[in-house]
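Student: Could you take me through one part of this structure slowly, residue by residue? I would like to see how a single spot connects to what lies around it.

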Amino acid sequence: MDLLTEKGFLDDYSYAVSYIHDAQILKKHGSKKIKYSLFEKGISKNIIEKASAEIDDELEYNNAHELFLKKANNDYSFENLNKVIRFLLARGFDYSIIKEVINYEKER
């Protein structure tokens with residue numbers, strides 16, 4: 001194990017940064033879900049907090065917006081908006097981002 005760590009094959013920080021990148025681009029997860037997933041994988045809270053600086057806020061907003069448009073399907077009824085909000089919360093997006101997306105779309 002020491003040899004693997006010394007050679008850089010076992011580096012939790014690098015793994016966390018790579019995971020954040022992939023989760024945002026490929027899976028379109030929000031920051032909360034990404035952090036929780038890393039914690040479930042056994043990454044320490046300190047490393048998660050350091051690696052969280054790599055979360056791209058603009059990409060997170062764009063992902064939330066894209067998923068919102070896909071799920072809302074131009075139906076802004078109260079029931080459908082609640083359904084979409086629950087979906088986005090389950091994907092790990094912060095409520096403030098979701099609210100921004102909804103307000104932007106309602107103003108358009």
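Predicted model: local features only at pLDDT ≥ 70, side-chain atom pairs only at ≥ 80, totals over all residues.

Tutor: Ile97 has a relative accessibility of 14%, and buried means under 20%, so Ile97 counts as buried. You will find Ile97 in helix H7. Leaving aside residues up to four places away in sequence, Ile97 touches Glu60, Tyr61 and Ala64. Now compare sequence with space: Asn82 is 15 residues from Ile97 in sequence, and their C-alpha atoms are 15 Å apart.

Two packed helices are described by the angle between their axes and the distance between the axes. Here the pair is H5, residues 57-72, and H7, residues 95-107, whose axes come within 10 Å and cross at roughly 55 degrees. H5 and H7 are therefore oblique to each other. Their crossing is right-handed. On the H5 side, the contact is made by Glu60, Tyr61, Ala64, His65, Phe68 and Leu69. On the H7 side, Ile97 is joined by Glu100, Val101, Ile102, Tyr104 and Glu105. Sorted by class, the contact of H5 with H7 holds eight nonpolar residues, one polar residue and three charged residues.

Some of these names return when we turn to the largest nonpolar core, which has 13 residues. The residues with the most contacts inside this core are Ala64, Phe68, Val84, Leu88, Phe93, Ile98 and Ile102. The elements giving two or more residues to this core are H5, H7 and helix H6, residues 78-90.

Glu107 has 68% relative accessibility and counts as exposed. Glu107 and Ala53 are 54 residues apart in sequence, with 31 Å between their C-alpha atoms.

Another helix pair is worth a look for comparison. The axes of H2, residues 12-27, and H3, residues 31-40, come within 10 Å and cross at roughly 140 degrees. H2 and H3 are therefore oblique to each other, and their crossing is right-handed. Tyr15, Ala16, Tyr19, Ile20, Ala23 and Gln24 of H2 make this contact with Ile34, Ser37 and Leu38 of H3. By class, the contact of H2 with H3 has seven nonpolar residues, two polar residues and no charged residues.

Finally, let's visit two loops. Most residues other than glycine have a negative phi. Lys28 sits in the loop between H2 and H3, and phi of Lys28 is near 55 degrees, a positive value in a residue other than glycine. Asn74 is in the loop between H5 and H6. Phi of Asn74 is near 60 degrees, which is again positive in a residue other than glycine. Asn74 is exposed, with a relative accessible area of 68%.

How values were computed
Residues numbered from 1 in each chain as written. Heavy atoms only, no water. Axes fitted to C-alpha atoms, helices over the stretch in contact; angles between N-to-C directions. Helix = DSSP H or I, 4+ residues; strand = E, 2+ residues; numbered from the N terminus. Parallel < 35°, antiparallel > 145°, perpendicular 65-115°, else oblique. Left-handed = near helix turned anticlockwise from the far one by under 90°. Contact = heavy atoms within 4.5 Å. Nonpolar A, V, L, I, M, F, W, Y, C, P; charged D, E, K, R; others polar. Core = buried A, V, L, I, M, F, W, Y, C linked by side-chain atoms within 4.5 Å. Buried < 20%, exposed > 50% of the residue type's maximum accessible area, 1.4 Å probe, protein only.
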